[in-house]
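I set out to look up a few local features in this structure and to write down what I found.

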Amino acid sequence: DVQLQASGGGLMQPGGSLRLSCAASGITFSDYTMSWFRQGPGKGPEWVSSIGKGGGAGIYTDSVKGRFAISRDNAKSTAYLQMNSLKPEDTAVYYCSVRESIVPSRRPDEYDYWGQGTLVTVSS
């Protein structure tokens, strides 16, 4: 079966950093474009970042640009989201997702597989 396991969330003070991981199994990871979404309290899902099948530069929503960095290691079937200068507004459940298309999407219903999510809480 296909599994995406998100991990690395937790409680952090504003200005702190966390690194999220997404470990994939049951798929050839390099065949998929990978994205991170998040869903805050009482809010709908929000696209955060995407990275292409071969890695390299990612793309980001404006609110995290310059603070977050997406990366992937296809040899380990794992992707990452480095989150720096965290703000209370970043508090959310973070989900990793993949789609076979070479084109990334900000629409959750266009993704093929999802992880269970990991909770990030930013509070003083």
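The entries below cover a sheet, a disulfide and one serine.

**Entry 1: the model.** I note that this is a predicted model.

Entry 2: I looked up an open sheet of four strands and found the order 1-3-8-7, with antiparallel pairing. Strand 1 (3-7) and strand 7 (68-73) are at the edges with a single partner strand each, so one side of each has no neighbour in the sheet. The twist from one strand to the next averages 15 degrees. I then checked strand 1 against strand 3: they run antiparallel and are joined by five bridges. Glutamine 5 has alanine 23 of strand 3 opposite. As background, I wrote down that strands of a sheet pair through backbone hydrogen bonds.

**Entry 3: the disulfide.** How many disulfides are there? I counted one disulfide. Cysteine 22 is joined to cysteine 96, with an S to S distance of 2.2 Å. Cysteine 22 belongs to strand 3 (residues 18-25) and cysteine 96 to strand 9, so the pair ties together parts 74 residues apart in sequence. The link is right-handed, with 70 degrees about the S-S bond. I found both cysteine 22 and cysteine 96 buried.

**Entry 4: serine 105.** Where is serine 105 placed? I found serine 105 in the loop between strand 9 (92-99) and strand 10 (113-114). Is serine 105 buried or exposed? Its relative accessible area is 9%, and buried means under 20%, so serine 105 counts as buried. Leaving aside neighbours within four places in sequence, I listed contacts of serine 105, including Phe37, Trp47 and Tyr111. Glu110 is also in contact with serine 105, and a polar contact of 2.5 Å joins the side chains of these two residues.

Notes. Residues are numbered from 1 along each chain as its sequence is written. This is a predicted model: local features need pLDDT of at least 70, side-chain atom pairs count only at pLDDT 80 or more; totals for chains, interfaces and linings use all residues. Side-chain values use heavy atoms; hydrogens and water are left out. Helices (H or I, at least four residues) and strands (E, at least two) are DSSP runs, numbered from the N terminus. Buried means under 20% relative accessible area, exposed over 50%, partly exposed in between (1.4 Å probe, protein chains only). A polar contact is a pair of N or O atoms within 3.5 Å; within protein, one must be able to donate a hydrogen and the other to accept it, and residues adjacent in sequence count only if both atoms are side-chain atoms. Contact means heavy atoms within 4.5 Å. A disulfide is a pair of cysteine sulfur atoms within 2.5 Å. Two strands pair if DSSP finds at least two bridges between them. Axes are lines fitted to C-alpha atoms, for helices over the stretch in contact, and angles run from 0 to 180 degrees between N-to-C directions.
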